[in-house]
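Dear colleague,

Please find the structure below. The notes that follow it describe what was found.

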Amino acid sequence: MIKRAVARLAVVAGAAIASTICVPALAHAHHAELTPLPVAYSLGENFSVPCSGQLTGTVHTPHDGPGQVTVSVSWLPFFTGQCHNAIFVNYWPAAEENGQGSGNRLILLPFTSRAFEPLTGDITFPMPSGGGSMTVAPNAVSTTYLDPLANTVRFAVA
């Protein structure tokens with residue numbers, strides 16, 4: 001009788017522990033809100049070394065803003081100068097066919113830059129829920145053109 005009670009207690013306790021450990025995470029935590037962009041280096045517009053720099057950033061897909069994507073970029077110029085800094089955001093949802101829901105956006109950064117003082121910008125646009133992919137590149141020859149697949153970011157949209 002005691003063995004049976006201990007065995008039942010062990011089964012119930014094991015089930016309770018297993019259910020608390022194996023419970024799936026809350027619905028809003030099924031994907032990361034921030035996905036970092038790969039670092040890209042660029043010679044600058046028209047192969048201009050004085051306009052060269054480094055591009056970094058993140059893709060933000062908030063849980064409280066379903067169907068919205070915000071891309072934030074930071075351009076770190078290596079020199080001081082007058083440079084046209086435009087960042088192209090090319091995106092496409094995984095679930096859409098025939099290119100529907102995909103597009104190109106542009107983030108314009110200030111024209112005058114100072115060496116090693118980052119220029120930042122962002123853009124928000126709608127994207128269908130599900131998976132998405134994106135490539136972010138400056139308006140010049142950069143490492144993103146050498147290997148576009150290595151610079152493609154995949155993320156989930158709530």
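Patches are made of residues with over 30% relative accessible area and no salt bridge, with like charges joined within 9 Å and nonpolar side chains (Val, Leu, Ile, Met, Phe, Trp, Tyr) within 5 Å. Accessible areas come from the Shrake-Rupley method with a 1.4 Å probe, and for residues only the protein chains shown count as cover. A salt bridge is a side-chain nitrogen of Lys or Arg within 4 Å of a carboxyl oxygen of Asp or Glu.

This is a predicted model, in which local features need pLDDT of at least 70 and side-chain atom pairs count only at pLDDT 80 or more, while totals for chains, interfaces and linings use all residues. Residues are numbered from 1 along each chain as its sequence is written, and side-chain values use heavy atoms, leaving out hydrogens and water.

Leu43, Phe47, Val49, Phe79, Val141 and Tyr145 make a nonpolar surface patch of about 590 Å². Phe47 lies in the loop between strands S2 (40-44) and S3 (53-60) (strands are DSSP runs of E, at least two residues, numbered from the N terminus). With 59% relative accessibility, Phe47 counts as exposed (over 50%; buried is under 20%, partly exposed in between).

A disulfide (cysteine sulfur atoms within 2.5 Å) joins Cys51 to Cys83, S to S 2.0 Å. Cys51 lies in the loop between S2 and S3 and Cys83 in the loop between S5 (81-82) and S6 (86-93), so the pair ties together parts 32 residues apart in sequence. Cys51 is buried at 11% relative accessibility, and Cys83 is buried at 3%.

Yours sincerely

Conventions: Helices (H or I, at least four residues) and strands (E, at least two) are DSSP runs, numbered from the N terminus. Buried means under 20% relative accessible area, exposed over 50%, partly exposed in between (1.4 Å probe, protein chains only).
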